[in-house]
Amino acid sequence: MNNNHWYKNAVFYQISVRAYKDSNGDGHGDLRGITEKLDYLQTLGVDCIWIMPIYPSPLKDDGYDIADYYSVDKAFGSLDDLKGLIRAAHEHDIRIVMDLVLNHTSDEHPWFVASRSDRNSPYRDYYVWSDTNQKYKDTRVIFLDTEPSNWTWDEKTGQYYWHRFYASQPDLNFDNPKVQEEMLNVARFWLDLGIDGFRADAVPYLIEREGTNCENLPETHAYLKKLRAFMEENYPGRILLCEANQWPEDVRPYFGDGDEFHMGFHFPIMPRIYMALKKGRYEDMEKIMRRTPSIPENCQWCTFLRNHDELTLEMVTEEERQWMWKQYAPEPRMKLNLGIRRRFAPLLDNNRRKMELANSILFTLPGSPIVYYGDEIGMGDNLDLFDRNGVRTPMQWDDSPNAGFSKGKPFSELVKGELSYQNVNVASQINGPGSFFNSVKRMIALRKQHPAFSGSNMEWLDAGNPAVAVYIREHEGETMLILNNLSDAAETVHIPAEQQTTYLDLFAGQNVAINDKITLQPYSYLWLVKK
């Protein structure tokens, strides 16, 4: 594979820097803490780390409210610490991508402070101002629980400013060429430091136009193509990963003709994995994957089971959303916005077989998988904490005080109960051959050995049983037959005649002759390579 296409079969790992490892005892995770844990990440088999925002910030939105694009928040260390992390990661054959927050800044960013100080400020036009809050009325409010409108009144200058997220995060005005240039400079700064690319945050919302929902507009795509061309010309081999929580056909334009984003999150498959596990039927997954358009050869989807936000239910029907809330968020405090604020292991009742099966699906579907920090050991959540903080608690390294995360008082309460650090931690799992960590590690290792997984297509097989997802992954001359039993009972499937042959069972490490019927144990899975 072209080394510039490294991302097509890479395993990504998402880190909240604040929550990962504290190197200096101040209770906050930091960049040096991640550097200390690179051996661990290499053991797990990670190819690329995505570090969440490390910019100076008032932290009203966990760092996505940026007050300075050209620096590292002191809580996380320094630019030199980041350079040290990048250098050490590359020595471990691990790449690093970071968040590029294009759409908005903090209201404490000097640009916005200047913009709201005076209507004649040169920075006034860096943001979107209006005499009325009736413009762009067809645009939805994303943070329904906290924001009544996308407009907020500014007393001093007597106008409203536009924001798609919190009022403390005013949107930048991408109709201003200076803003467009400024954000290319931001990208250049971090790429020059050696970063391997960006997860571009909230990209559908860059441009506003009357009479539209202000999402996915042609002018937005024009700017993103400009950003990609800038990177291709100056930094080949670095990537752009698109965060657009949209239907697959609406994400498809973000790949362009292979000249916009290298990668895009596949949001809609994620809730449907949980739907399939709860119903014991694969049809919801099949429908959305059949609806997923093909993408250019140099592009790849990005798949995930959980991340730092709520388990979003934006890309399901209202009926499905209510059903998911009933099944997975029986207590009101488990809900947030249009989603569920729980981590992977608690969602699946800490059921080891279900947790493995979900990972089998994640690692065999089209797309490069992202593992959210701690999910590889089955970490829990803390629903007593505010908003999304319950799924951003300190990493559980061992059973010593503060979970081995910090010698000081951690910035956050830890997880309590069955999934607390005393019961779930890296130290107790890393050397246990039968541990959940080692199951995930093995899946990652097997996945990376097989080029069939680096394609972006799949073929569903009708095996006569709605409880078992059976599909073919084929790429670069290799064919894999994947079976995932979503049921809590043993299930038998009929393999179509054209697929009946000898396969290598990757987990058993032996050849098997596949004839008409296969019976799978409850919540079990098979990864088979055609001989």
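Guide: In this predicted model, strand S1 (residues 12-15) pairs with strand S14 (residues 368-372) in the parallel sense, over three bridges. Within that pairing, Tyr13 stands opposite Val371 of S14.

Visitor: In which sense do S1 and strand S2 pair, and over how many bridges?

Guide: S1 and S2 (residues 48-51) pair in the parallel sense over four bridges. Ile15 has Ile51 of S2 as its bridge partner.

Visitor: Which strands form the open sheet, and in what order?

Guide: Three strands form an open sheet in the order S11-S13-S12, with antiparallel pairing. Strand S11 (311-312) and strand S12 (335-336) stand at the edges with a single partner strand each, so one side of each has no neighbour in the sheet. S12 pairs with strand S13 (residues 339-340) over two bridges, and the bridge partner of Leu336 in S13 is Gly339.

Visitor: What is the volume of the largest pocket, and which residues lie nearest its centre?

Guide: Rolling a probe the size of a water molecule over the atoms shows where empty space is left. Here the largest pocket has a volume of about 490 Å³. Its lining consists of 33 residues, and Ile142, Phe165, Glu243, Asp309 and Arg388 lie nearest the centre. Strand S7 (197-201) and S11 are the elements that give two or more residues to this lining. By class, the lining of the largest pocket divides into 15 nonpolar, seven polar and eleven charged residues.

Visitor: What lines the second largest pocket?

Guide: The second largest pocket, with a volume of about 360 Å³, is lined by 17 residues, of which Leu59, Asp62, Phe386, Asn389 and Arg392 lie nearest its centre. Six residues of that lining are nonpolar, four polar and seven charged.

Visitor: How many salt bridges are there, and which residues are linked in a network?

Guide: A salt bridge is counted where a side-chain nitrogen of Lys or Arg is within 4 Å of a carboxyl oxygen of Asp or Glu. The count here comes to 37 salt bridges. Arg18, Asp61, Asp62, Asp309, Glu310, Arg388 and Arg392 are linked in a network of them. Of these, Asp309 and Arg388 are also among the residues nearest the centre of the largest pocket, while Asp62 and Arg392 are among those nearest the centre of the second largest pocket.

Visitor: What separates Arg352 and Glu356, which meet in a salt bridge?

Guide: Arg352 and Glu356 are four residues apart in helix H13 (residues 352-364), a separation of about one helical turn. Their salt bridge spans 2.9 Å, N to O. Arg352 is partly exposed, with a relative accessible area of 31%, whereas Glu356 counts as buried at 13%.

Visitor: Which parts does the salt bridge between Glu219 and Arg209 tie together?

Guide: The side chains of these two residues, Glu219 and Arg209, meet at 3.1 Å, N to O. Glu219 lies in helix H7 (residues 218-234) and Arg209 in the loop between S7 and H7, so the pair ties together parts ten residues apart in sequence. Glu219 is partly exposed at 31% relative accessible area, and Arg209 is partly exposed at 26%.

Conventions. Residues numbered from 1 in each chain as written. Predicted model: local features only at pLDDT ≥ 70, side-chain atom pairs only at ≥ 80, totals over all residues. Heavy atoms only, no water. Pairing = 2+ DSSP bridges. 1 Å grid on protein atoms, 1.4 Å probe; cavity = no way out; pocket = protein on both sides within 12 Å on 5 of 7 lines; lining within 4 Å. Points joined across faces, edges and corners; volume = space filled by probe spheres on them. Nonpolar A, V, L, I, M, F, W, Y, C, P; charged D, E, K, R; others polar. Buried < 20%, exposed > 50% of the residue type's maximum accessible area, 1.4 Å probe, protein only.
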